[in-house]
Amino acid sequence: MKARLAIGTTILALAAFAAPEFQPCVKEYRALGGREFDVSTLPVVHESGESLAAAAGEVPSCGERSEVADGKAEGKGIFVAVAASDFGKGLARRFSLSVPEKPQGYAIAAKDGVVAIVGSDPVGAFYGAVTFRQMVSNGGKVEPGQVRDWPDILYRGNVSIGRGLMRYAYGEKDRKAALKSAIDEVARLKLNMVCDPFLISPNSPDKELSWWREIFRYARARGIYANDYGSTALYLRDNAGSNVPTGVTPKTWPCVHDHRPWGDWYYCWSDDALAEAAANRYADYLLKAGMEDGIIVIHPVDGGFWQDPEMWSRRCAKCRARWNDHERWKASANQFGILFRVLKTRCPRALVGSCIYPYTFNALMTPESERSEKWKESMPEYWLNLDRNLDKDFFFSSWICGDAVMREIRKLIPSRQFHFSDTYPQSAGIFEAYHRKAATVWEADSANMFSNQGSEILRVQWESMALIADCTWNKDAPESERFDGGTYYDCETDHAGNTVVFTETLPRICRTFWGRELAPAMEQVLASGIMPDYLLNPPGRVSYWNNVRRNATFDPLLSDATSAQKPVGQIVDTLERMAAQVMAAEKCVAALDAAREKAESLPAVKRRYFMSFVKMATYWLATAKARLAVRRGNALVGAGRSKEAAAILESARTEAERDYEVADVNMKALANEKDALGFRYAWPYGRDKALAEIDRALSSARVVLKPRRVGRVVKVGITAGESGEATKRYLDRFVNVKAEIMPSISLSELDKYDCVFVMDRKWDKDEFYANIRAYVERGAGGVYLEGPLAGNRRFDVRPVFPEIVAASPKQCENFTQKAKRRDGSEAKTMYVDYFALVPGNAGEVVATAADGTPLAVKGEVGLGKAFCCGTFNLEAVAGSYDIAKGEFSLSGLNAELAKEAVEYFSGAKLVEKGE
Amino acid sequence: MTRTLAIMLAVVFAVMGFVSADETVWIGEHIVDQPLRFARKGLSVRPGAKVVFRGEGRITIENASFVADGAAFESDGILTNAFRISVSGGKMDMTRCRVSCVRSHEPSKGKAHYIFGAFWSQYGGGSRLVGNEFRGSSAVTYANATGVEVRDNLFLRSDRAGVCLFHVVNPVVVRNEFMKSVGDALYLNAAEGADVRENRFTDCAVGMVNMSCCRCRFSGNSFFGGATGIAFRWAGGENLYSANLFEDVKGSAFTAIEAMGADNVFANNLVSRCGYGWSLGKQKSKRRIVLRDNAVSETGTGISIAEGEVDAPNNAFWKVRTPVVAKGEAKVSTPKMVTSDPLFKDPSRGDYRLNPDSPLLNAGVNGGNIGLYQ
């Protein structure tokens, strides 16, 4: 409350004296009255030290810079110091400065032609200089005033180098200088974590590491910590190289092994000497790369969730001899203990911790009824034991938690430092308001870290980063909200909808980041609600949004995260949503057109960033318009108004050609303008794709559906994907079936087949609902729908044949894989779960789960037939959720159902080849 | 002696199944290696049961019902010229059964009589044969039966014939799959009022033989490959052959080995990539044969007749080497013949639906379409 008042005072001061605008807001600002004075030529005198020199560099003066010689501040000038030094003490006395006794805090006084910037520590002084930079107007003048300020959260943000900042170095002759400029911008936002140095690893050559050392030391001088992710692996092979001994391969390694496309990790808990050697290799790397005082998160084996954390069941005989099944915590404590000791010995200033596995504190909210002994052992007891047996300075890392979870975890781990990441949201838009919840990680007397990860998936979204800075520097920032443990990122509220963020914070961010001239245009762009990633992949995005709405910690890369969030309403992808994107894109194009002239004088980093918008906006518009037309066309086709659909689509085709021409010409004209889009970036949904989609819809509109007679072979179209391929392999066994993978579900494509199997969910929803139903109802086709496609809300599918399957309300586990045929005989499903089906009025149950829940239902719709199957044509590995790799075919009940479906649709009897 | 046999049979039944008041029920596996006779009390073979015929083993049902559902029938040998199963006077109901290699004559060893070459005979009574699969077996033969329903069965590699109907009234033969029959897949002799519909004949030597059948309706059947689609022998009249598809039949879609009876109509059939459309030979009926609204495409000869008259209005011939061959005194009148591209949707993939601009649309006798689709 106190701090909120302080910020309120600041705002009052701003209003009364037209005081400077700060981003992030400062805790206290007091206008001193009197005349503004010119600082543009004042000499800058600073104390020695990298951060203080960097601070001096931030001061917007072209006066001489020098280190203080005698500890005295004499005459006019800008003086930069730390509070504990004589020089700092002198400045504090002279200006009656009360320097906050908080890490990274500072005080500023500007009056009578003199400016004093005194930090509680060197980094505080640097932040003071950054703030002072915002006090100075374009003309180099400053209003007399005082500032006292400090951050509430000491470790803020986590700007990705690999995914973001490096893009500012592409194409530059001096890549190092370009990267440093980008780091300057991070520092100016008062964010202090960077991550993802993808180009290097402990396997990198020394020369490469020394290049990066200069970068990380430069960042550290500006208060920025490298946040690196180490590993408990004993050996590692990655893109940079390998330290795996000869003869060790995934096949020969006896203990746990993790393979990803970019590397192999070899784990074992039983060999302390190897663990020590690996820790030393990692310490060497940190030292050589300049990350010796970074934030080091040691990643354990990633997998198995609480059922088999870290794949503990797969550990080797030596591990088993040393640790029994219930002693994973002992093994971890031993291993983390070794790593911590080595790293803190060799890199004493590093902050060391781990996302100890499973790293989802949210899972503490698992319902009481589901808390098995294994669950307790794997999570609460494991964390408790590690807390008791690891050094108190070893931090634990997890996803951000709501207050309720925080209370629970603090019962187990009362005082340890936590490193919280946001929920890894996959934002579809450009500016995201969700980081207004960042300060949830703040706890009194803690040094918790907030590591955002979501914003950097494709780019550094500077304004979003500024919002993080705003909410972490000031936990009580006006827009700040507590994360309630539910949806962290929500497309409905986070790209245009949060009132405070969009009416107060964003305009301020734009003014401070872009300058007053460009700010209005950029504010329009950023608040437009445009969602480029949604435009690129509407069904994928909507699916993700709804997954997040169901499970706040949903991570597409991990299927096992969980939380106790109550499901909230699902987002339905409508024509109106796409129409809104067209309007948003139009707004962006217009705003950016108007802003281009004003962007000439932008510094390099911002100019590149600006140009990214300018290059993309016309593609956003072209894409949104094309997609909207396709949706309209498909909707009309579904309604049987094919002629109207064809007219709309024909006109849309012409328009799309023109729109993409404009976008391509714009892109070409800006070819020499550097951007932050990445090397040779091209908008993925270009002219050809858009026209192809329009043509597909057009071909659907032109199809006159008529029933067909099955020929010599039953022609079966199957959608791509693993289950589709498996189904094709199975149907290829029959002499009178010709199965093909369909490239699309356009009506013209569907109409080629006697029946189709639709297995995946990547279709445009309008096309799916319109074409699939029309094909059956009017074209007398047969459609087999797999899994949630019968109509599962969670997967954003409404029942396409409600008369056959009224709903598919839930996904059920079925690890026994037992099922029953219609006649009551037993059968086995290939996969370990299924979607329960509720038969509609015309639905006939074909098979059920062992408990009688319908899992396959068929029936007639119009002239055709539908067959809905809740289980998947996927092969489970050893009764687990893992899917078999390689060329598997259908078996058991799945095979029978596929055969029955084709026979049901076609009236033909399938005969195997060679019979 | 009879008493001893009865006691023995009772013991056998007690071991193999159980005897209910009305019928004997078989579950599990049964070896039939000697003749078994069920009179008055029927036999019911339950789902999952397996019946294996050996040696002289056969089942005779007299004036009783025979019901089999979801059972398997096999044979490890051939019982030459005798039925493995014969039902007379009772009702037969066989559903979802699998019949493998139950033969009653040596395959490929000369012609066997249709009746005596069958492994199964039903004489009189009613019969329902639904959803069964017959693989490599001899024929199922019905004689003088009524209420015969043969539906949704598979007859694969039938030996000599798949189904034979002798003197059967109003039989329904619907949606069966006949594939790779060595002889005549479906044989009808003196059947009356048959409804033969939506069956598929693939690579059968002869798809269907119609011998002296009257007032039957053959519609929506498909014939793929093989030597002959439908063969006629002897006079049978008032039959309608409509909307049948013949594709890649090497010989004739329709062939008359003997003269047909009166008032046979062929309408809306489609012949594609065949040797002949209609090979009618010598027809003697004073009443003309009517061929209307048929489409013949990519075929050697459309209509060939050596004697008699044919009315063939509103037929389409596209890429037919010789649309009509009328020898000697024979006459074929072909008013409103269409010879332009029929614009089928995708004939190479067997899709003969008409494109919106097809000349066959509304070009039929009564303003309907020529070809399969109305």
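Two strands count as paired if DSSP finds at least two bridges between them. With that in hand, let's work through this predicted model.

**Exercise 1.** Find which residue stands opposite A:Leu785 in strand 35 of chain A.

*Solution.* Start with the strands: strand 26 (residues 782-786) and strand 35 (residues 864-869) of chain A pair in the parallel sense over five bridges. Within strand 35 of chain A, A:Cys868 is the residue opposite A:Leu785.

**Exercise 2.** Work out which strands stand at the edges of the nine-stranded open sheet in chain A.

*Solution.* First write the order, 24-23-25-26-35-34-33-29-30, with mixed pairing. Next look at the ends: strand 24 (737-742) and strand 30 (826-828) of chain A each have a single partner strand, so one side of each lacks a neighbour in the sheet. To finish the picture, the twist from one strand to the next averages 20°.

**Exercise 3.** Classify the ring pair B:Phe155 and B:Phe178 as stacked or edge-to-face.

*Solution.* Check the distance: the ring centres are 5.0 Å apart, and pairing asks for centres within 6.5 Å. Then check the angle: the planes stand at 10°, so the pair is stacked.

**Exercise 4.** Identify the ring under the charged end of A:Lys606.

*Solution.* The ring belongs to A:Phe513, and the charged end sits 4.3 Å from its centre.

Key: Residues numbered from 1 in each chain as written. Chains lettered and ligands numbered in written order. Predicted model: local features only at pLDDT ≥ 70, side-chain atom pairs only at ≥ 80, totals over all residues. Heavy atoms only, no water. Phe/Tyr/Trp six-rings, centres within 6.5 Å; stacked < 30°, edge-to-face > 60°. Lys NZ or Arg CZ within 6 Å of the ring centre and 35° of its normal. Helix = DSSP H or I, 4+ residues; strand = E, 2+ residues; numbered from the N terminus. Axes fitted to C-alpha atoms, helices over the stretch in contact; angles between N-to-C directions.
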